[in-house]
Amino acid sequence: MPRRLLLPPPLSACPVLRLPRARPAAPPAMNAARTGYRVFSANSTAACTELAKRITERLGAELGKSVVYQETNGETRVEIKESVRGQDIFIIQTIPRDVNTAVMELLIMAYALKTSCARNIIGVIPYFPYSKQSKMRKRGSIVCKLLASMLAKAGLTHIITMDLHQKEIQGFFSFPVDNLRASPFLLQYIQEEIPNYRNAVIVAKSPDAAKRAQSYAERLRLGLAVIHGEAQCTELDMDDGRHSPPMVKNATVHPGLELPLMMAKEKPPITVVGDVGGRIAIIVDDIIDDVESFLAAAEILKERGAYKIYVMATHGILSAEAPRLIEESSIDEVVVTNTVPHELQKLQCPKIKTVDISLILCEAIRRIHNGESMAYLFRNITVDD
């Protein structure tokens, strides 16, 4: 019997075998380092990281993982503990009393982030150091310009700061600088925390501070007073580079060339331009460091009839014996922002009060990262503010 050849059934009769379609691989979970920006603190001391913690809490983010410390030989070491490749990095650096260490911490961290391939490195420096050294003094140097060049070389691409001592400092930088203002927070403090502030007068402790005082007075619809004739030497009275080289006693002068002689300045007796009798005096300035000029202003205001004296400033450096001198003076209250850490000074002097400005710094960080306009933060701000 011949063997039958078994043929496979026709394809139409075969059941269709459907293989499961391969699912695309799930994207890796996005962690905090992939959200597009990170916030780091460049300070090695715990007291200086308080502002950075407040900002990150408002942003709903975590502080970047890094280690900043001083070697036994005094050198600063910075280690970044997470990936920052392609991220917008914000370095928050508050300036303590050891200014030079803080500057080196900022420079080294910026350079470390630059070599780690961060996309943008933005420095958040509420009080910009060396801002008082922004003019030529005899055969000195403009240190603020030097620091601006160092920050650019280290890798910074943008800076957020607050109430620069001289607005012209922005021209020292080769990248954008946002000079925020603390005056809205201080004005709000005056309105909410000073009883009967409508009976106050805004005081400039010198003619140099008159524009700032006028800005406060116009916004609060209050009177203005200016103290003139104080004996101390101001910045404008100091010699600059135009007196270099020094004059020689037996110098030969070109015949026929007689330059007019500049008369020496002589300050008038100290006086107060404006009525402060029976009023609350509010002295406003940008920096309060050495307090001798503020104490002298408070004494003359007391003599002229002011019954309560407040001092308002953005940056409370309060060096040396400032807390003790304020406590023993006729000043009733000193109000500063937290651009500079001063918790130790507050323990020494209960008259010192703090206004938190982390809100505006937080909003500036958010807007810069999202590419939004910064105009909202400068509403009603004029050139003289």
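Student: Where is Ser 293 placed in this protein?

Tutor: Ser 293 lies in helix H6, residues 292-303, where helices are DSSP runs of H or I with at least four residues, strands are E runs of at least two, and both are numbered from the N terminus. The model is predicted, so local features need pLDDT of at least 70, side-chain atom pairs count only at pLDDT 80 or more, and totals for chains, interfaces and linings use all residues. Residues are numbered from 1 along each chain as its sequence is written, and side-chain values use heavy atoms, with hydrogens and water left out.

Student: Why is Ser 293 called buried?

Tutor: Its relative accessible area is 9%, and buried means under 20%, exposed over 50% and partly exposed in between, with a 1.4 Å probe and protein chains only; Ser 293 is therefore buried.

Student: What makes the pair Ser 293 and Lys 205 a polar contact?

Tutor: Their side chains are joined at 3.4 Å, and a polar contact is a pair of N or O atoms within 3.5 Å, where within protein one must be able to donate a hydrogen and the other to accept it, and residues adjacent in sequence count only if both atoms are side-chain atoms.

Student: Which residues touch the most other members of the largest nonpolar core?

Tutor: Of its 47 residues, these are Ile 160, Leu 180, Ile 202, Ile 282 and Leu 361. The largest share of this core, six residues, comes from helix H9, residues 358-370. A nonpolar core is a set of buried Ala, Val, Leu, Ile, Met, Phe, Trp, Tyr and Cys residues joined through side-chain atoms within 4.5 Å.

Student: How much of the protein is buried?

Tutor: Buried residues make up 44% of the 385 residues.
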